[in-house]
Amino acid sequence: MSIQTALELVLAAVVLGLAAWAVAARETSAAVVGFIAYGLLIALVWVALGAVDVALAEAAIGGGLGGVLLLSAGARLRENEKRAAAERPGAGARLAAAALSAMVAAGLAVAVLRLPTPAPTLAPQAAANAAATGMGNPITNVLMAFRAMDTLLEKFVLLLGLVGVWSLAADRLWGGNPGPRHQADPLGLLAFLARLLAPIGVVVGIYVVWTGADHPGGAFQGGTVLAAMWLLTMMAGLTDTPPVSSLRLRLVLVAGPGVFLVVGLAGLLFGAAFLSYPAAYAKPLIVAIEVAMTLTVAATLTLLSAGAPEQRLER
Amino acid sequence: MTAFLTASLGFILVMLALGLVRILHGPRDADRMMAAQLIGSAGIASTLLLGAVNRSPATIDVAFTLGLLATFASIAFVKKGLSRLEVEDPGSAGDA
Amino acid sequence: MRLALDVLTIVAVSGGAFFFLAGTVGMLRFPDTLTRLHALTKADNLGVGLVVVGLLPQAAGPREAAELLCTWLLVLLSGSVVSQLVARTVFATDRLGDALARGPGPPR
């Protein structure tokens, strides 16, 4: 057994153990801790597989933001947790659920293991056409040029999700600030860390977006880091969430998909097809779209984690 | 050199796993708060070593992002622990 | 020159791995949450620092070396502050636990 294989076995064992813990833990908070650890370590798995862009996205979303979302969900459910625990389904139902999950996992494993070698892939064509946009990162090429339609539609889905979350607010609270107002000593430790870490995080977020053109990175990963830093300042009580009725906020939320849509329609009117970029302007257009998308992704993810409006709007 | 780095990477991962086992068992929530910090140090060391083994400098970006977000997760845990204290005994949480 | 750099890498990374071992042994054997937190923060941070020192000679260029150092500084900064926060939470939880265990006494 080579050292490389031994390493992969260790990594797989740790990740599988964490997954088992997250499923089997009794308390919600214990399960969420396991889930966050699992998300952060899956990023390691992606690096080991050579997919650094995905590792960046996984570390940001799976580890950081997804975990925090689950934490706040668990906190809101705490009052009902005892009642829910009392209604635990019987052993038969749980056994059936376990069997069904195991069958799905086995089916997926069989499908993956039976892929022909080499697996069918469009990667060579994507790499061959990299000159179309002039960017060195093939993943960014695929996301922003060859499959730009999917990326555009994803942003609309994010917006729809946010509208869904906002619609959970009580009628009288509509237009107010999402989430509770966090209190923390402005001279205390948490405020200190937020003041020190947030600027660093903003620089790293912008760097990740900028370097996504030629190296692993991109608008989504950078936007997620920015969202985490904004959430950090909110948790430290340094700023409050913006009211959902704020026009500026809504403009930022719409900017990403809006710019993308405008460029796409311009391609329809002046070019060959929807979302076709003129060869000379491909890179500047893509950069402009990415900047708008970063702002939108950062704002959307922050507001998704903050929740529905809970504070009445002060007029 | 690559073999040595891979071996030390595997060793640190095993240490990480053992630490996680102990932390996740910890009888209280306060013990489990340390999980994000453990990953923030041992996980980052592992990522940096992986980057050196694969000769991919972009992995250092992943390590930095991991560090930022593990800190963010730790702070979320601490806030949750403190807010639970607020619920059970307002005034004892003090300054954070 | 190359040999000396490789030796530095091997020595430093081995030292880092040793400190990770020490930190994990501490976490497994120490009796209390706060002592375990102490083992985790001090030993693992030092381990990261030694691993970074060991990887500096293997870096692809000065920019990667600077990024490695920045990563270590971030770990140092965040590790120290987060451990303080966790410790204060543990203190406050313990105080609450003691107060609840003492039961309702004379009004303060």
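1. The contact takes 8 residues of chain A and 9 residues of chain C, with contact meaning heavy atoms within 4.5 Å.

2. Before going on, the ground rules. This is a predicted model, where local features need pLDDT of at least 70 and side-chain atom pairs count only at pLDDT 80 or more, while totals for chains, interfaces and linings use all residues. Residues are numbered from 1 along each chain as its sequence is written, chains are lettered from A and ligands numbered from 1 in the order in which they are written, and side-chain values use heavy atoms, with hydrogens and water left out.

3. On the chain A side, the residues that touch chain C come to 8 nonpolar, no polar and no charged. For the classes, Ala, Val, Leu, Ile, Met, Phe, Trp, Tyr, Cys and Pro count as nonpolar, Asp, Glu, Lys and Arg as charged, and the others, Gly among them, as polar.

4. Chain C itself has 3 helices and 0 strands, in the order α-α-α along the sequence. Helices (H or I, at least four residues) and strands (E, at least two) are DSSP runs, numbered from the N terminus. With a radius of gyration of 20 Å, well over the 13 Å that the globule rule gives for 108 residues, chain C is more spread out than a compact globule. That radius is taken over C-alpha atoms, and the globule rule is 2.2 Å times the number of residues to the power 0.38. The C-alpha trace of chain C spans about 75 × 30 × 10 Å along its principal axes.

5. Now chain A with chain B. Here 49 residues of chain A are in contact with 42 residues of chain B, and the buried area is about 4,100 Å², with 82% from carbon and sulfur atoms. A:Val33, A:Leu40 and A:Arg78 supply 13% of what chain A buries against chain B, more than any other three residues.

6. What does the polar side of the A/B interface look like? The rule finds 0 salt bridges, and the count is 3 residue pairs in polar contact, both at pLDDT 80 or more. On chain A, helices H1 (3-24), H2 (28-48), H3 (52-76), H9 (189-211) and H10 (219-235) each give at least two residues to the side touching chain B. H2(A) gives the most, with 11 residues. By class, that side has 38 nonpolar, 8 polar and 3 charged residues.

7. Chain A overall has 12 helices and 2 strands, and its C-alpha atoms fill a box of roughly 65 × 65 × 35 Å along the principal axes. An automatic or database domain assignment divides chain A into domain 1 (1-74) and domain 2 (131-315). Their centres, taken over C-alpha atoms, are 24 Å apart.

8. Finally, the domain contact inside chain A. It takes 9 residues from domain 1 and 14 residues from domain 2, burying about 950 Å², 77% of it on carbon and sulfur atoms. In domain 1, A:Asp53, A:Leu56 and A:Leu65 lose the most area to domain 2, together 54% of what that side buries.

Definitions and conventions. Buried area = accessible area lost by both parts, 1.4 Å probe. Salt bridge = Lys/Arg side-chain N within 4 Å of Asp/Glu carboxyl O. Polar contact = N/O pair within 3.5 Å; in protein donor to acceptor, adjacent residues only side chain to side chain.
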